[in-house]
Amino acid sequence: MGKTNQSFVTEFVLLGLTGYPELETIYFVLVLCMYLVILLGNGVIIIVSVYDSHLHTPMYFFLSNLSFLDICYTSSSIPLFLSSFSTSKKTISFAGCGVQMFLSFAMGATECVLLSMMAFDRYVAICNPLRYPIIMSKASYVPMAAGSWIAGCVNSVLQTSLAMRLPFCGDNVINHFTCEILAVLKLACADISINVVSMVVANMIFLVVPVLFIFVSYVIIISTILRIPSAEGRRKAFSTCSAHLTVVIVFYGTILFMYAKPKAKDSSGADKVQVTDKIISLFYGVVTPMLNPLIYSLRNKDVKAAVKKMLC
């Protein structure tokens with residue numbers, strides 16, 4: 001009887017900032033400006049990496065992949081987010097929600113692996129500079145980047161298929177700006193233990209392992225730099241990895257802040273806490289991709305020189 005009365009979901013309602021109309025206009029303008037900066041900054045990084053022959057190196061190949069990834073990641077959610085603010089339509093189709101989850105998972109996992117590949121590139125450049133052209137040849141760094149994309153997409157196919165095979169009946173309101181996986185799983189009217197286990201395993205592989213790899217790489221890098229006798233040599237060595245290290249700290253720092261911060265126990269302020277969490281999640285998805293090209297362009301003479309050369 002219960003099964004015959006179920007009305008299965010064909011679309012989801014994205015709650016967003018419903019109930020806070022005064023905030024919607026402010027965040028629409030802010031996010032739109034940030035999205036334009038993301039497209040411009042990351043687009044410039046990709047163009048100069050292809051245009052300037054001096055930037056045809058493993059580091060800038062990885063960087064252009066990172067920029068392309070950031071454009072794809074933000075473009076999978078921000079246009080829908082802006083549309084929901086500017087129109088009364090707050091819905092997304094079941095298939096559209098699946099596509100958005102797939103892109104979000106794929107881009108997130110790929111970025112974690114790609115950052116670890118970039119750490120390995122900096123490790124070889126500083127700790128084995130004489131062997132760098134051999135170890136980081138085109139036959140090595142292209143498959144490394146391709147492997148990052150393939151690994152991220154395989155993980156995304158698994159996580160998305162496990163989520164979308166679940167039956168969704170009754171409530172179809174997602175208390176978020178996008179089809180965030182945890183918010184979607186809360187609406188499933190079936191056991192989600194398999195989804196939880198698969199996500200824990202995926203987090204270990206695509207989040208914890210890359211973090212450990214990056215940490216070990218930079219421990220060795222820093223110890224190598226400190227053994228350089230001249231201060232000028234140490235400064236140059238630090239400058240070659242400072243931009244990547246800054247991006248890693250911003251990326252993983254925001255993830256840690258989002259998911260490790262203590263939850264409020266006061267139920268009377270639960271609504272405000274939920275709004276705050278959603279805004280933090282929104283800016284995590286926008287601020288980090290916006291900062292990446294700024295960090296690499298402001299702290300990198302090669303990129304600034306390539307941009308000036310291209311403009312001239």
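Modeller: E232 counts as partly exposed because its relative accessibility is 41%; buried would be under 20% relative accessible area and exposed over 50%, with partly exposed in between (1.4 Å probe, protein chains only). Before we go on: this is a predicted model, so local features need pLDDT of at least 70 and side-chain atom pairs count only at pLDDT 80 or more, while totals for chains, interfaces and linings use all residues. Residues are numbered from 1 along each chain as its sequence is written, and side-chain values use heavy atoms, with hydrogens and water left out.

Back to E232: its partner in a salt bridge is R235, with the closest N and O atoms 2.7 Å apart. That label needs a side-chain nitrogen of Lys or Arg within 4 Å of a carboxyl oxygen of Asp or Glu. R235 is partly exposed too, since its relative accessibility is 47%. Both residues sit in helix α9 (residues 231–260), three residues apart, or about one turn of the helix. Helices here are DSSP runs (H or I, at least four residues), as are strands (E, at least two), numbered from the N terminus.

By that rule there are two salt bridges. Look at R122 and D121 as well: their side chains meet in a salt bridge at 2.8 Å, N to O, and both residues are buried.

D70 counts as buried because its relative accessibility is 1%. Ignoring neighbours within four places in sequence, it touches I38, N42, E111, P289 and N292, where contact means heavy atoms within 4.5 Å.

As for UniProt, the unreviewed entry places "transmembrane region" at several stretches, including 26–48 and 102–120; positions use the numbering here, feature names are shortened, and annotations may be inferred rather than shown by experiment. In the model, residues 26–48 are 100% helix and 0% strand, with end C-alpha atoms 33 Å apart. Residues 102–120 are also 100% helix and 0% strand, with a 27 Å end-to-end C-alpha distance.

Last stop, the surface: V196, V197, V200, V201, M204, I205, V208 and L212 make up a nonpolar patch with about 680 Å² of accessible area together. Patch members have over 30% relative accessible area and no salt bridge; nonpolar side chains (Val, Leu, Ile, Met, Phe, Trp, Tyr) are joined within 5 Å, like charges within 9 Å. Areas come from the Shrake-Rupley method with a 1.4 Å probe, and for residues only the protein chains shown count as cover. V197, in helix α8 (residues 193–226), counts as exposed because its relative accessibility is 51%.
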